[in-house]
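Here are some notes to read alongside the structure.

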Amino acid sequence: MTMTAARAADAPPKLPGVSEKMLTFVKDSEVSGVVTLVANSDGIIHLSAEGLADIEANKPMQPDSLFWIASMTKPVTGVAMMMLVDEGKLAIDDPVAKYIPEFANLKKPDGSPANLTVRHLMTHTSGLSEVSPEVGKTATKLADLIPSFLSKPTQFVPGSKWQYCQSGINTGGRIVEVISGMSYPEFLQKRLFDPLGMTDTSFYPPKEKLDRLADSYKKDGMKLAAVPIAFLNGKSPSDTNRYPLANGGLFSTAKDYGTFLRMVLNKGSLDGKTYLSPKAVEQMTSVLSGDVVTGFTPGNGWGFGWCIIREPQGVSAKLSPGSHGHGGAYGTQAWIDPKAGLAHVLMIQRTNFSNPGGSDGSPVRQGFHEAVSEALKK
């Protein structure tokens, strides 16, 4: 076999037109670079990297580039909690106070007991206040956040409306710690990341991997300008002297997150190992938020840490009803379309999208879904 043939044999598969579509966003300075992945139950059917991970250094984006995936951490937290549901250690309508007794004193705006449930936490219907800036910068563990969450009454009657809530998801992560007796990072490492082979997914990526971390950018006029990763407050991603954000602290790669999605797509199992029961997956990815209007784009409901597409439209028009996933603050996106049997992963690092829905409504996301749909028709 010639070297050229060997390289071709080792190259990841590509769907026609997807890379070309992503390159249009790079050329228009919408993003510096992008990694896209599409997988089915058998494996990866598309993996490609375009553009630059670092504009100043002219460093190409690579298929194994690392990204801050921000709120794509939330579905991981949903899975962690559903593992405990499967074990009979947790139920989604349990009172939060069963696991964190201080919540028994939380009040609604009228002064009556809030009676917050685990469902409220994971569907963004809790009304909890967010952590104070001072505590957010100094906390080193999830338990440090709880007094700040409980310092004020809920902002509305729990369950009566949807309001995106970081404190609810972080409380969910704390519940995992209380039940399991492990720190949240330890639980994920032992129960998910190691068994799934997600070697590049961590709250604290080691220093030797930071050269693979894609730089973050904002749109500044017609150009892109570098920005720091907001939640780090100037610290290194490797610095463990900060709490593990169950709501949005993970770093990962397209391939790692694709593996996670394939497990969920396969109803909780992958490569002969079961992580969740099919019943748990169905419950987690069903609408649990009732009839309240949810964000970030029209036509959605909310499951257990997952956004559920009820009525595909706009950026989600090429996905089927019942598709589920999540986006991240810097434009990353991950979606499972169970009807099509596909998982879509989009990795970028771009802030300040001005379109409706922010990063969830970005033209890059829409272009990716459309390009995949078109490629599969050929």
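1. A residue counts as buried when its relative accessible area is under 20%. In this predicted model, 54% of the 378 residues of the protein chain are buried by that cut-off.

2. The protein chain has 11 helices and 14 strands. Its radius of gyration is 20 Å, close to the 21 Å that the globule rule gives for 378 residues, so the chain is as compact as a globular protein of that length. The C-alpha trace spans about 70 × 40 × 35 Å along its principal axes.

3. Contacts can also be sorted by separation in sequence. Taking those in the protein chain between residues at least 6 apart, 66% join residues at least 24 apart.

4. How many disulfides are there? The count is zero. A disulfide needs two cysteine sulfur atoms within 2.5 Å. The sulfur of Cys165 has its closest cysteine sulfur in Cys307, and the two are 16 Å apart, which is too far for a bond. Cys307 is likewise in no disulfide, the nearest cysteine sulfur being that of Cys165.

5. Are these cysteines buried or exposed? Cys165 counts as buried because its relative accessibility is 2%. Cys307 is also buried, at 2% relative accessibility.

6. The whole structure holds one cavity of 30 Å³ or more. About 40 Å³ of space lies in the largest cavity. Cys307 is one of its lining residues, which also include Phe296, Trp335, Asp360 and Arg365. By class, the lining has five nonpolar, three polar and two charged residues.

Technical notes
Residues are numbered from 1 along each chain as its sequence is written. This is a predicted model: local features need pLDDT of at least 70, side-chain atom pairs count only at pLDDT 80 or more; totals for chains, interfaces and linings use all residues. Side-chain values use heavy atoms; hydrogens and water are left out. Buried means under 20% relative accessible area, exposed over 50%, partly exposed in between (1.4 Å probe, protein chains only). On a 1 Å grid over the protein atoms alone, a cavity is a set of points where a 1.4 Å probe fits but cannot get out, and a pocket is an open set with protein on both sides within 12 Å along at least five of seven lines; lining residues have an atom within 4 Å of a point. Grid points are joined across faces, edges and corners, and a volume is the space filled by probe spheres set on the points. Ala, Val, Leu, Ile, Met, Phe, Trp, Tyr, Cys and Pro count as nonpolar, Asp, Glu, Lys and Arg as charged, and the others, Gly among them, as polar. Helices (H or I, at least four residues) and strands (E, at least two) are DSSP runs, numbered from the N terminus. The radius of gyration is taken over C-alpha atoms; the globule rule is 2.2 Å times the number of residues to the power 0.38. Contact means heavy atoms within 4.5 Å.
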